[in-house]
Amino acid sequence: MKPSLTHRELITQPESWRRAARAASSATGLPVPGERVAVTGCGTSWFMAQAYAALRETAGQGETDAFAASEFPRGRAYDRIVAITRSGTTTEVLRVLEGAGDTPTLAITADGKTPVVDAAAEVAVLDWADEESVVQTRFATTALAFLRAGAASGAVATAAADEAERALSAPLPTAVVEAEQWTFLGAGWAYGLAQEAALKMREAAGAWTEAYPAMEYRHGPVAIAGPGRVVWSFGPLPEGLAAEVTATGATLVAEGGDPMADLVRAQRLAVAVAESRGLNPDAPRHLTRSVVLSG
């Protein structure tokens, strides 16, 4: 069977991240240490915003909040707003940028010929990471690699790319592909990636998936764990949780390593599950590449 478009795009991520790391070294408009920053986006871009916000704040670079663009708090003071939008046309993101007033803004997009170019003060165009797919894989992680490199160094994104290459070649366990339910866990910045992994499974495969902060999993959600179900951790599990999950009979996936590289494996899983169910991951139900609201 011919590989899906989604698969063909997701396997290009390692080199795309390396290019993002190089681009970040000369980019303008990126947050600088000490700034109070808000990061926004919709869907997948919102989850990348969550991951970056946690990374930046944990690194001591300044208070950093992440919001779905539709829930962006009007009137709250920030030193900079960063918006992630693959299409550059998403209505809610454009509204945030247009309402930013004198606050410096940076938009990260895949298309430099869209309305976001006029809406933001600074624009980073990652056009090499653009996609034909409705389901985002490459652009989202490349935007995160760009922001990671800007907040730390290009070496961080390059090391993640090296790990991602290994994640692309490692086989997916049969029990994970054939499961009936998947729960993704993550702590800190990895929680945003857990949210994104669950979204990929829902979008591409119409699957029953959930995502939680790792420490929250014991507070109720562990009740659905059992044989034929998967618990997948991005990053290390809290002490004792691995034994609790194993005792339920669920399949535990906890590879460790860079969570962004591990997300590549989850993307591969979404495509594999979709194909095993006779679904086309390139044509998810009820979705379009960009949400543009009328009025």
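Student: What does L269 touch in this model?

Tutor: Leaving aside residues up to four places away in sequence, L269 touches L172, V176, V177, W182, F184, M201 and W232. Keep in mind that the model is predicted.

Student: What makes L269 stand out in the largest nonpolar core?

Tutor: That core has 66 residues, and L269 is among those that touch the most other members, along with I108, W182, F184, W232 and F234. Helix α11 gives the largest share of this core, 10 residues. There is also a second, separate core of 16 residues, including F67 and L97.

Student: Why is the aromatic pair of F184 and F234 called tilted?

Tutor: Let's take it in steps. The centres of F184 and F234 are 6.1 Å apart, and rings pair if their centres lie within 6.5 Å, so they count as a pair. The angle between their planes is 35°. Stacked needs under 30 degrees and edge-to-face needs over 60, so this pair is tilted.

Student: How do you know that this pair links distant parts of the chain?

Tutor: F184 sits in strand β6 and F234 in strand β8, 50 residues apart. Both F184 and F234 are buried.

Student: Which classes of residue line the second largest pocket?

Tutor: Its lining has six charged, four nonpolar and two polar residues. Among the lining residues are E163, R166, D258 and R265. Why do G256 and G257, also in the lining, count as polar? Gly is placed among the polar residues by the definition used here, so both belong to that class.

Conventions:
Residues numbered from 1 in each chain as written. Predicted model: local features only at pLDDT ≥ 70, side-chain atom pairs only at ≥ 80, totals over all residues. Heavy atoms only, no water. 1 Å grid on protein atoms, 1.4 Å probe; cavity = no way out; pocket = protein on both sides within 12 Å on 5 of 7 lines; lining within 4 Å. Core = buried A, V, L, I, M, F, W, Y, C linked by side-chain atoms within 4.5 Å. Buried < 20%, exposed > 50% of the residue type's maximum accessible area, 1.4 Å probe, protein only. Helix = DSSP H or I, 4+ residues; strand = E, 2+ residues; numbered from the N terminus. Contact = heavy atoms within 4.5 Å. Phe/Tyr/Trp six-rings, centres within 6.5 Å; stacked < 30°, edge-to-face > 60°.
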